[in-house]
Amino acid sequence: MKTYTVGIIGCGRIASLLEQEPERGTPNTHAGCYDTCDRTRIVAGADASDERRVAFGQRWDVSSMYSEWREMLEKEQLDVVSICTYPVPHRDMVLAAAESGVKAIFCEKSMAITLRQADEMIEVCEKQGVRLSINHGRRWDWQYRKIGELLDQKTIGDLQALALNYTAGLANNGTHYFDMLRYFAGNVEWAVGRLQDPNALDPKGSGLFHFRTGVDCIVNGITGRNARYLFELIGTEGRIAVTGGRGPMFELSIGGKEHPFPETPADQEVNTFGNGRCVIPLSVEEIVESLDESKDTVSTGHDGRAALEMVLSFHESEKRGNGRVDFPLEDRDTQILVRNEDFISSVVPQ
């Protein structure tokens, strides 16, 4: 069976350096998971930091290391490219990678800083026949997928309402949670949002999503750290709750009685969130499968764009005096920033 060659742009924490944190299980990075998968081989990496670049090459036995990612794309024959930088350069990197002849791109979230950029990324990948996958990791987590199955099976009846409690920036962390809301309830019809600090680089925010399925979701993205539940899903016959904390816990209630949430199979425990675990191995395996069978992964560019649109809807609502914003958003140039355009990470190997 074919072994796919991999190049990684950005050699920081999610690319490689999280492997050096002892409290985390391994593998837990893009490089670690490609290295573990017997169908992928890392052949090149790119990073502006000399220290990170040298450490990456030594750790993963990669001799072709570049200070400039464009040079890597020009010189290497790559099947898969992982983009492990902050969002500002994602659009340029995806376009260049797709046009260089790669077969798949695995891009960190948020996928872009505007909807226009996201649309350009999707368009060029579709034109070039490239599989674009966005790292919204909970889509690969067995436990979150099980929630989706329980909803499909009407275990708690018809889904009526959702609640989300967390506290972090909308674009950096909220994108993961918003993606799960859509995974549970479908596409958004309209939203109302409020930003805690509109002038912050990546503000926190709260609000309401109304989904086309008729489901409403209250979002508390400002003071969620002290809330008991991260997600709460209310149905006509019961509820499912996901508690926050270091390792999420899952609760199931049917007809007013508590039931054990389905137990995670032993072979899936390492691929769940919390307690240092990581789902990227499943992401890598699915990318390989998508190339073998010419199909999309569970987290496509369109899914990444939808999560970005949900984040941007809170920004747009704030600009309108916290008024209702209908989907699809008309303004494709509203911008989010997780880091400034000239930001260079200072994270180095220990």
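In this predicted model, nine strands make up an open sheet of mixed pairing, in the order E14-E13-E12-E11-E7-E10-E9-E8-E15. Its edge strands are E14 (257-259) and E15, each of which pairs on one side only.

Within this sheet, strand E9 runs antiparallel to strand E10. One of the residue pairs between them is Gly 207 with Val 219, its bridge partner in E10. In general, the strands of a sheet pair through backbone hydrogen bonds, which may be parallel or antiparallel.

Another pair of strands, E5 and E6, runs parallel. Here Ala 104 stands opposite Arg 131 in E6. From E5 the chain crosses through helix H5 (residues 115-128) to E6, in a β-α-β crossover that is right-handed.

| Strand and residues | Partner and residues | Direction | Bridges |
|---|---|---|---|
| E9, residues 205-211 | E10, residues 216-220 | antiparallel | four |
| E5, residues 104-107 | E6, residues 131-134 | parallel | four |

Helix H7 (residues 170-185) lies across strands E7 (159-165), E8 (188-195), E9, E10 and E11 (229-235). The angle at which H7 runs to E7 is about 165°.

Helix H8 covers residues 280-293, which is 14 residues. From its first C-alpha to its last it reaches 20 Å, close to the 20 Å expected at 1.5 Å a residue. H8 is mostly covered, with 10 of its 14 residues buried. Just after H8, Ser 294 takes a positive phi of about 55°.

Val 338 has a relative accessible area of 5%, so it counts as buried, the cut-off being under 20%. Leaving aside residues up to four places away in sequence, Val 338 touches Tyr 86, Pro 87, Ala 171, Asn 172, Leu 201 and Asp 202. Of these, Ala 171 and Asn 172 belong to helix H7 (residues 170-185). Gly 238 lies 100 residues from Val 338 in sequence, and the two are 37 Å apart in space, C-alpha to C-alpha.

Key
Residues numbered from 1 in each chain as written. Predicted model: local features only at pLDDT ≥ 70, side-chain atom pairs only at ≥ 80, totals over all residues. Heavy atoms only, no water. Buried < 20%, exposed > 50% of the residue type's maximum accessible area, 1.4 Å probe, protein only. Contact = heavy atoms within 4.5 Å. Pairing = 2+ DSSP bridges. Helix = DSSP H or I, 4+ residues; strand = E, 2+ residues; numbered from the N terminus. Axes fitted to C-alpha atoms, helices over the stretch in contact; angles between N-to-C directions. Right-handed = clockwise from strand over helix to strand, strands pointing away. Expected span 1.5 Å × (residues − 1).
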